[in-house]
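User: Let's go through this entry in short questions and answers. Please start with a term we will need.

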Amino acid sequence: MRIPESLAKQGKERIKDYPVEGFVYGEGPENPVIMLVGEAPGETEIHNGIPFSGRAGKELMQSLEFLGLTRDDVYITSAVRSRPYKWGEKKDRSTGEMIKRKYNRAPTAGEIKAHAAILDYEVKNVRAPLIVTLGNIGLQRLAGKDKKVTQVHGQLLKQPVQYLESPDAGTFSWTEETYEIFPTFHPAAIFYNRSLEEKLTEDLKTLKNLIEQRGLKHENK
């Protein structure tokens with residue numbers, strides 16, 4: 001499954017004036033076991049073009065292994081497809097000199113809208129029976145600003161999802177279709193808050209039960 005190049009070109013054009021870099025395509029089959037929606041690519045991803053291939057990606061692969069899944073079973077995407085960055089300083093270990101470098105940051109509302117049409121296309125065409133959102137950005141992009149991962153993680157939400165009705169006006173509407181969304185924490189969250197590790201594990205147990213109860217599997221297996 002790959003988005004049309006015309007849509008990718010449109011996304012690159014709409015986000016070009018923001019402090020972002022690179023562009024990473026979603027990856028996975030048309031009929032996956034689950035669809036994973038993250039935040040945005042990081043430094044590793046924009047260089048190799050593979051979503052969730054950096055440090056957080058290693059955590060995600062461990063989660064998939066726990067679920068009995070591999071990359072081939074899932075579709076991986078994000079709310080924003082370019083890396084949002086901010087400039088900061090870091091001391092060079094060899095020289096002690098302060099050097100400027102780019103750091104990851106959360107995408108802005110404008111950046112999310114710039115790439116909204118891409119995620120809308122994927123949600124409609126990937127046809128995943130279950131959408132797993134990783135962190136607040138993916139959750140709120142689809143399920144609404146009133147949802148917080150700390151409050152609804154590990155729960156199965158059955159509801160319409162937001163889509164960008166008018167790109168020029170930047171207004172979101174709700175789909176007529178109902179989707180099943182399973183919110184959990186972003187894999188990188190445990191790097192900054194180890195206390196979330198236990199909650200993430202419980203979420204994965206719940207998700208594994210959901211997958212097994214429904215007999216979800218990739219059609220080629």
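Analyst: Strands count as paired when DSSP finds at least two bridges between them. Note too that this is a predicted model.

User: Which residue does K158 stand opposite in strand 10?

Analyst: Strand 7 and strand 10 (residues 179–184) pair over three bridges. The sense of that pairing is antiparallel. In strand 10, the residue opposite K158 is E180.

User: In what order do the five strands of the open sheet lie?

Analyst: The pairing in this open sheet is mixed. Strand 3 (74–78) and strand 7 (157–159) are the edge strands, each pairing on one side only. Neighbouring strands are turned by 25° against each other on average, direction ignored. The order of the five strands is 3-2-6-10-7.

User: At about what angle to strand 6 does helix 6 run?

Analyst: Helix 3 (residues 55–67) lies across strand 2 (34–38), strand 3 and strand 6 (131–134), at about 160° to strand 2. Helix 6 (residues 136–143) lies across strand 2, strand 6, strand 7 and strand 10. Its angle to strand 6 is about 130°.

User: Is V37 buried or exposed, and what is its relative accessible area?

Analyst: V37 sits in strand 2. Leaving out residues up to four places away in sequence, it touches T77, S78 and A79, among others, as well as G138 and L142. L119 is also one of its contacts; the two C-alpha atoms are 8.8 Å apart, although 82 residues separate them along the chain. V37 counts as buried because the cut-off is under 20% and its relative accessible area is 0%.

User: How far in space is L156 from K100, C-alpha to C-alpha?

Analyst: In sequence, L156 and K100 are 56 residues apart. In space, the C-alpha to C-alpha distance is 43 Å.

User: Which side chain of opposite charge is nearest to D203?

Analyst: D203 lies in helix 9 (residues 196–213). Beyond four places in sequence, its contacts include H153, G154, F182 and P183. D203 is buried yet has no salt bridge. At 9.0 Å, the nearest side chain of opposite charge is K199.

User: Which residue in the hairpin of strand 4 and strand 5 takes a positive phi?

Analyst: Strand 4 (residues 83–91) and strand 5 (residues 98–104) run antiparallel, joined by seven bridges. One of the pairs sets K86 with its bridge partner Y103. Six residues lie between the strands. The residue with a positive phi, near 75°, is G96.

User: What is the radius of gyration of the protein chain?

Analyst: The chain comes to nine helices and 10 strands. For 221 residues the globule rule gives 17 Å, and the chain's value is close to that, so it is as compact as a globular protein of that length. The radius of gyration is 17 Å.

User: What share of the 221 residues is buried?

Analyst: The C-alpha trace spans about 55 × 40 × 35 Å along its principal axes. Of the contacts with a separation of 6 or more, 67% join residues 24 or more positions apart. The buried share of the 221 residues is 49%.

Definitions and conventions. Residues numbered from 1 in each chain as written. Predicted model: local features only at pLDDT ≥ 70, side-chain atom pairs only at ≥ 80, totals over all residues. Heavy atoms only, no water. Helix = DSSP H or I, 4+ residues; strand = E, 2+ residues; numbered from the N terminus. Axes fitted to C-alpha atoms, helices over the stretch in contact; angles between N-to-C directions. Contact = heavy atoms within 4.5 Å. Buried < 20%, exposed > 50% of the residue type's maximum accessible area, 1.4 Å probe, protein only. Lys, Arg positive; Asp, Glu negative; His and termini not counted. Salt bridge = Lys/Arg side-chain N within 4 Å of Asp/Glu carboxyl O. Rg over C-alpha atoms; globule rule 2.2 N^0.38 Å.
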